[in-house]
Amino acid sequence: MATNNNNSKLEKLASIDAQLRALVPAKVSEDDKLVEYDALLLDRFLDILQDLHGEDLRETVQECYELSAEYEGKSNPKKLEELGNVLTSLDPGDSIVIAKAFSHMLNLANLAEEVQIAYRRRIKLKKGDFADENSATTESDIEETLKRLVVDLKKSPEEVFDALKNQTVDLVFTAHPTQSVRRSLLQKHGRIRNCLAQLYAKDITPDDKQELDEALQREIQAAFRTDEIRRTPPTPQDEMRAGMSYFHETVWKGVPKFLRRVDTALKNIGINERVPYNAPLIQFSSWMGGDRDGTFLLG
């Protein structure tokens, strides 16, 4: 009897990786890393949860996860009843921790999906493999789009260049007064995303992998211990700081990279000129801090 109980416990504590693989569709494409990403992040998180709150709470979270997955897969009302019994038996303190754990697990799943989508896009760009003609212009980069304008729509390179010089995309930064996601948490999520992407690089060394894995664990723990909810409404100054963080973390690197890619794409269709500096393809506006009473400002 004791042996059976031990076996059952071992099965219950089996790797979350194996459980996730059992839940995904039977056929997974070779370039689909979502299962591996999910498995790694959840494994690391459950270890951190156990270190912070003990093995019993980890088991409870894992049991709730399994029952939810089984109910979703088979729509068995008994599994839903079992899940309800587990949740109603918890004391208030454990209920809060478990609710926060599942919120964090959802964030990690979203991050895994973002990294996987980026990975799949890179693979398709390398292979030139797109599902259909309609998706190519959205999944491909700017060079693919310009080539299709020239080849498929029979536009001359000069026409494409003139059209580019005479259009501007205006990106407007805005922030809602009830925005709840904290900037510090978004930054931690960004670092988790970067660690995960680097871990699966082909040329990574064992030492690099170990260091990245340790960094990933630190960032997951830091994100879990960060309050997700903004407890007070943001001030206009808070909105301004949040908006500027996008410039520091994204725009300063992203826009020059995009413009260089445009120049390269133009060169590859036969245009040896660069887009003039007085013809900005992208400009920025803002109404942060100005829409709090129904009005807005563009800067």
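The chain of this predicted model averages a pLDDT of 79, and 77% of the residues score at least 70. Here pLDDT is the predictor's confidence in each residue, from 0 to 100. Local features need pLDDT of at least 70 and side-chain atom pairs count only at pLDDT 80 or more, while totals for chains, interfaces and linings use all residues. Residues are numbered from 1 along each chain as its sequence is written, and side-chain values use heavy atoms, with hydrogens and water left out.

Helix α7 (residues 133–139) has the lowest, at a mean of 43, and α11 the highest, at 93. Helices are DSSP runs (H or I, at least four residues), numbered from the N terminus. Over residues 6–31 the pLDDT is below 50, yet the model gives this stretch 34 contacts beyond near neighbours in sequence. A contact means heavy atoms within 4.5 Å. Residues 293–299 also stay under 50 in pLDDT, with 12 contacts beyond four places in sequence. Where pLDDT is low, the predicted coordinates should not be read in detail.

The largest nonpolar core has 33 residues. Such a core is a set of buried Ala, Val, Leu, Ile, Met, Phe, Trp, Tyr and Cys residues joined through side-chain atoms within 4.5 Å. Buried means under 20% relative accessible area, exposed over 50%, and partly exposed in between (1.4 Å probe, protein chains only). Leu 41, Phe 45, Leu 49, Val 61, Ile 192, Leu 216 and Ile 220 touch the most other members. Helices α3 (34–53), α4 (55–74), α6 (92–127), α10 (183–199) and α11 (206–224) each supply at least two residues of this core. The biggest contribution, 10 residues, comes from α6. Apart from this core lies another, of 12 residues, among them Ile 142, Leu 146, Phe 161 and Val 262. In soluble globular proteins, nonpolar side chains tend to be buried together.

Helix α10 deserves a look. Its 17 residues should span 24 Å at 1.5 Å a residue, and its end C-alpha atoms are 25 Å apart, which agrees. The expected span is 1.5 Å times one less than the number of residues. Buried residues in α10 are Leu 185, Lys 188, His 189, Gly 190, Ile 192, Cys 195, Leu 196 and Leu 199. Take Ile 192. Leaving out residues up to four places away in sequence, Ile 192 touches Leu 41, Leu 108, Leu 111, Leu 216, Glu 219, Ile 220 and Ala 223.

Now the charges. Side chains of opposite charge can pair when their charged atoms come close. The structure holds 11 salt bridges. Each is a side-chain nitrogen of Lys or Arg within 4 Å of a carboxyl oxygen of Asp or Glu. One joins Arg 44 and Asp 213, at 2.8 Å from N to O. Arg 44 lies in helix α3 and Asp 213 in helix α11, so the pair ties together parts 169 residues apart in sequence. Arg 44 counts as buried at 19% relative accessibility; Asp 213 counts as buried at 16%.

Other pairs are partly exposed. Glu 70 bridges to Lys 79, with the closest N and O atoms 3.1 Å apart. Glu 70 is partly exposed at 32% relative accessibility, and Lys 79 is partly exposed at 22%. A network of salt bridges links Glu 70, Lys 79 and Glu 82. Asp 162 meets Lys 165 in a salt bridge of 3.6 Å, N to O. Both lie in helix α9 (residues 157–165), three residues apart, about one turn of the helix. Asp 162 is partly exposed at 38%, as is Lys 165 at 27%.
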